[in-house]
Amino acid sequence: CDFCDTGRTNLCERWNAIGVTRPGAAAEYAVAPVGNCHRVPEEVPLEHAALVEPLSCAVHGFDLLPRRPGDHYLIYGAGTMGLLMTQLARHAGAASVSVVDLNTERLETARRLGADEAAVSAEAFDRPRGWETVIDCTGAVPAVEDALTRVRRGGTLQLFGVAPADATARFSPFRVYNDEITIVGSMAVLHSFGRAVELLARGAVDAAAMISHGFPLADYERAISAFREGRGRKLQIRPGERTTV
């Protein structure tokens with residue numbers, strides 16, 4: 001398609017992914033094109049290697065940001081993606097990183113992974129001029145609407161979280177125009193998988209701190225319930241293992 005011809009394969013008109021557009025991700029074995037495969041270093045545990053896919057999405061998201069050293073970042077969401085973005089912002093030379101999440105249990109983890117401050121609302125932070133880079137990792141409309149009000153003049157708002165396809169958000173077109181705000185989306189991965197493998201192997205992200213629970217296959221339903229209740233951070237299914245908390 002035109003997008004693949006121009007190197008933007010993540011926007012392919014016939015986009016195809018195991019476990020997304022076709023079944024197979026939960027199978028015992030799955031076949032993938034060799035060109036899509038990357039060797040995981042032996043020193044990286046398999047449970048940590050599972051973070052390569054979300055990390056590759058975060059890396060692509062950062063490819064689309066200005067990434068100016070000394071910028072201040074505000075991140076909405078302290079789940080898997082928000083925590084990865086927090087750590088990447090630190091590696092990008094951020095002057096400060098602030099994190100918002102309604103789940104207070106996750107705020108301490110955000111601080112441990114590099115956030116200078118974390119709270120349930122951006123109102124708690126003393127930054128009246130706003131942030132140069134604001135990233136929404138929630139996909140929640142109230143968060144998106146609030147995020148746009150926090151962008152500094154000339155700054156960037158990235159919509160990284162996945163909102164429902166029919167969701168709509170209200171914003172001020174005049175403010176976007178008058179303050180020269182850039183709004184950018186980020187879709188899946190693009191030439192970022194290999195870099196994510198390298199970043200994980202070098203310890204650029206704290207994989208152990210990201211993972212809070214491991215469930216054996218027999219506890220699959222229990223794991224889903226924990227996820228829906230917002231308990232923990234990254235929850236993993238590990239066939240053949242006992243439950244770890």
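**Exercise 1.** Determine how α3 and helix α8 are arranged relative to each other and which residues bring them together.

*Solution.* The axes of α3 and helix α8 (residues 193-201) come within 8 Å and cross at roughly 110 degrees, where axes are lines fitted to C-alpha atoms, for helices over the stretch in contact, and angles run from 0 to 180 degrees between N-to-C directions. Helices (H or I, at least four residues) and strands (E, at least two) are DSSP runs, numbered from the N terminus. Angles under 35 degrees count as roughly parallel, over 145 as roughly antiparallel, 65 to 115 as roughly perpendicular and the rest as oblique; α3 and α8 are therefore roughly perpendicular to each other. Their crossing is right-handed, the near helix being turned clockwise from the far one by less than a right angle. On the α3 side the contact (heavy atoms within 4.5 Å) involves Val52, Glu53, Leu55, Ser56, Val59 and Asp63, and on the α8 side Phe193, Arg195, Ala196, Val197, Leu199 and Leu200.

The model is predicted, so local features need pLDDT of at least 70 and side-chain atom pairs count only at pLDDT 80 or more, while totals for chains, interfaces and linings use all residues. Residues are numbered from 1 along each chain as its sequence is written, and side-chain values use heavy atoms, with hydrogens and water left out.

**Exercise 2.** Describe the packing of helix α3 against helix α4.

*Solution.* Helix α3 (residues 52-63) packs on helix α4 (residues 80-91) at an angle of about 50 degrees, and their axes are 10 Å apart. That angle makes α3 oblique to α4. The passage of α3 over α4 is a right-handed crossing. From α3, Pro54, Leu55, Cys57, Ala58, Val59, Gly61 and Phe62 take part, and they meet Thr80, Met81, Leu84, Met85, Leu88 and Ala89 of α4.
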